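Here is a short report for a first look at this structure. It starts with the whole chain and then turns to single parts.

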Amino acid sequence: MTEGAERPMADDPAPVGPQNGLSTALDPASTETPPLEVVVVTGLSGAGKNSAGRVLEDLGWFVVENLPPALLLPMVELGARGDVRRFAAVVDVRSRAFSSDLQEAIRVMSEAGHRPRVVYVHARDEVLVRRYESNRREHPLQGTGTLTDGITAERTLLRGIAGEADLWVDTSDLNVHQLRATLENAFAREGRTPPLTATVMSFGFKYGLPLDADLVVDARFLPNPHWIPELRAHSGRDADVRDYVLGQPGAEDFLDRYIEVLRLLVPGYRREGKRYLTLAVGCTGGKHRSVAIAEEFARRLSAEGVAAVARHRDLGRE
């Protein structure tokens, strides 16, 4: 976790059960339930699932933590018969044999007419180890083995649902405020689900590829402002660096042509029901070129009618 985080992302113990009020005015004779917006938050233990659930709760979602998959549809139907319209459940390995059960529960909810979306929260192994050690907690799948054994076992167990997730959130380098901003961009739309939400993320190749990227582009073909003394201390958010990067030969052609590629991809993503897109733009350190290009991509995507926001993973890390 980056410095400055006010609290760790690790899933801290939380009471089981709903965290908001639920209307008790139910009609026992009613058998039809209107469709709900449903979000299932799952992922690796210690990656921040409960933190994500608290963000959704603050955004007005009805949140239930540590819900067994078999109870997902009954809870959704109960909420639909009341006044709940946006329901979120945090599901993890504390529910034990949950992987195939969760996939089946999501399928059943879809057939019932609800709109389940899966948010998969994960982090790098070394980050998870550090969080567990700082909290002096055991991994739920550790048993008599090591902490790393538990993390590996959980990754294997989650492989199926991870591959079907609508949104991946990598909290390795996020603090709680950045996690909130990520989820707000995806969900804080007063119940209106946009056709496609895009996050344009700048990053530094020397810090590793972002695991949650759908598309990766490389801005290292442009001259590096790091070698310009008057630009070195500034970032791609500053006008002088932005103008330098975007003014280089090939920069405008690169942006124009990649936007043309996205014009082809975005309608296909929408037809396939994809709701979230992460476009990662990399340079050496994630400070100058990638930041300027990411900001420009976000601006151009917004002009194309895509809800886009720029996020800078490694800015300030050097």
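## The chain as a whole

Accessible areas come from the Shrake-Rupley method with a 1.4 Å probe. The accessible surface of this chain is about 14600 Å². Carbon and sulfur atoms hold 51% of that surface. The model is a predicted one.

The chain has 318 residues, and 49% of them are buried. It contains 10 helices and 10 strands. Among contacts with a separation of 6 or more, 80% join residues 24 or more positions apart.

In soluble globular proteins, nonpolar side chains tend to be buried together. Here the largest nonpolar core has 54 residues. Leu72, Phe87 and Phe187 touch the most other members of this core. Leaving out residues up to four places away in sequence, Phe187 touches Val39, Leu56, Leu59, Trp61, Arg86, Arg117, Val119, Leu167 and Tyr276. Another core, of 29 residues, lies apart from the largest one. Its members include Ala198, Leu231, Val241 and Phe297.

## Helices α8 and α10

Two packed helices are described by the angle between their axes and the distance between the axes. Helix α8 covers residues 239–246, and helix α10 covers residues 289–303. They pack at an angle of about 85°. Their axes are 9 Å apart. Angles of 65 to 115 degrees count as roughly perpendicular, so α8 and α10 are roughly perpendicular to each other.

From α8, the contact uses Arg242, Val245 and Leu246. From α10, it uses Arg289, Ala292, Ile293 and Glu296. By class, four residues in this contact are nonpolar and three are charged. None is polar.

## Helix α4 and its end

Which residues of helix α4 are buried? They are Val127, Leu128, Val129, Arg131 and Tyr132, within a helix of residues 125–135. The cover over these buried residues includes helix α5, residues 147–163. After α4 comes Arg136, with a positive phi near 55°.

Thr199 sits in strand β7, residues 197–204. Is Thr199 buried or exposed? Buried means under 20% relative accessible area. Thr199 has 15% relative accessibility, so it counts as buried. Beyond its neighbours within four places in sequence, Thr199 contacts Asn185, Leu277, Thr278, Leu279, Val309 and Arg311.

Gly282 belongs to strand β9, residues 276–283. Its relative accessibility is 0%, so Gly282 counts as buried. Setting aside neighbours within four places in sequence, Gly282 contacts Phe203, Phe205, Val217, Asp218, Ala219, Arg220 and Ser290. The C-alpha atoms of Gly282 and Lys206 are 9.5 Å apart. Along the chain, these two residues are separated by 76 residues.

## A loop residue and a helix residue

Asn66 lies in the loop between β3 (62–65) and α2 (72–81). Its phi is positive, about 55°, although Asn66 is not a glycine. At 16% relative accessibility, Asn66 counts as buried.

His177 is found in helix α6, residues 176–187. Its relative accessible area is 45%, so His177 is partly exposed. His177 and Val55 are 122 residues apart along the chain. Their C-alpha atoms are separated by 9.7 Å.

How values were computed: Residues numbered from 1 in each chain as written. Predicted model: local features only at pLDDT ≥ 70, side-chain atom pairs only at ≥ 80, totals over all residues. Heavy atoms only, no water. Helix = DSSP H or I, 4+ residues; strand = E, 2+ residues; numbered from the N terminus. Buried < 20%, exposed > 50% of the residue type's maximum accessible area, 1.4 Å probe, protein only. Contact = heavy atoms within 4.5 Å. Axes fitted to C-alpha atoms, helices over the stretch in contact; angles between N-to-C directions. Parallel < 35°, antiparallel > 145°, perpendicular 65-115°, else oblique. Nonpolar A, V, L, I, M, F, W, Y, C, P; charged D, E, K, R; others polar. Core = buried A, V, L, I, M, F, W, Y, C linked by side-chain atoms within 4.5 Å.
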